Amino acid sequence: MRINGGIEYFQNGMRVPLRAMQVQSELMGIHNENITGFDKVGYQRQEAVVSSFTEYLGVQGISKSTDDKIGRIAMTKNPLDLALATKGYFQIETDAGVKLTRDGRFKIDKEGNLLTLDDNKVLSNAGMPIKLHIVPDDLNKIKVEDSGLLSVFNEKSRKLEAVATIGVVDARGTMVTEPKVKQGYNEFSNVALQNEFIEMMPIIRNFEANRQVFLIQNQNLQKVINQLGSAS
């Protein structure tokens, strides 16, 4: 017994270059997004994942994955600017639930809550919002160790008092044991602009080639329609 199998696919000729241009536009959009995020703190490069049947599926055959390599770390000297020198994310509490971010630009409100720039609460490794029991006038009295342990200097006792350990997890939500938190630093994107432009060049060429094919097919179709009209 022999079993034969296969896939047969027929489609209008003009749809092929149109679908290809849509795919290439989507790919260019991902690269443009990376270029736009080059100078954004905590931005991670997005990579296109193209399936085997994208030429038939169109843009539905494209998905994105996140490049989790560490970005460019720069000194700011702001005590509430934190960067991660390893893979992982800070946990923050938002209206939509717990979110992950590598943007470590934080601030403290009058009640002592540790917040993001968007006023979302920063969570500890216990999953609770971090709140300082002392709100110092000088932010340099706040210390954050490599482990993420946050402490504040108490003027009365003349000692550093532990507040909480900042929660750092991986993409699956598992706690990172050695987060390597750097106080007074920001992490910018892991995007290399020259690579983005280089990778865009063949996409642009393919787009132009498919555009020319579409124009030729359109011109031929117009000729056929005109000839049929004159013949009638």
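Arg102 is buried, at a relative accessible area of 1%. That is from a predicted model, so please keep the source in mind as I go through the contacts.

Where does Arg102 sit? It is in the loop between strand E6, 97-101, and strand E7, 106-108. One is the side chain of Glu187, in a polar contact at 2.7 Å. For the other, a polar atom of the Arg102 side chain lies 2.9 Å from the backbone oxygen of Leu84. Leaving aside neighbours within four places in sequence, Arg102 is in contact with residues including Gly42, Gln44, Ile70, Thr86 and Phe90.

Phe90 brings me to the rings. How many aromatic pairs does the structure hold? One. Phe90 and Phe106 form an edge-to-face pair, with 5.3 Å between centres and 80° between the planes. The pair links distant parts of the chain, since Phe90 is in strand E5, residues 89-94, and Phe106 is in strand E7, 16 residues apart. Both Phe90 and Phe106 are buried.

Next, charges over rings. The charged end of Arg72 sits over the ring of Phe38, 4.2 Å from the ring centre. Lys182 lies over the face of Tyr185, and there the distance to the ring centre is 4.6 Å.

Last, Tyr56, in helix H2, residues 54-57. Is Tyr56 buried or partly exposed? Its relative accessible area is 37%, so Tyr56 counts as partly exposed. Tyr56 and Val16 are 40 residues apart in sequence, and their C-alpha atoms are 8.3 Å apart in space.

Methods. Residues numbered from 1 in each chain as written. Predicted model: local features only at pLDDT ≥ 70, side-chain atom pairs only at ≥ 80, totals over all residues. Heavy atoms only, no water. Helix = DSSP H or I, 4+ residues; strand = E, 2+ residues; numbered from the N terminus. Buried < 20%, exposed > 50% of the residue type's maximum accessible area, 1.4 Å probe, protein only. Polar contact = N/O pair within 3.5 Å; in protein donor to acceptor, adjacent residues only side chain to side chain. Contact = heavy atoms within 4.5 Å. Phe/Tyr/Trp six-rings, centres within 6.5 Å; stacked < 30°, edge-to-face > 60°. Lys NZ or Arg CZ within 6 Å of the ring centre and 35° of its normal.
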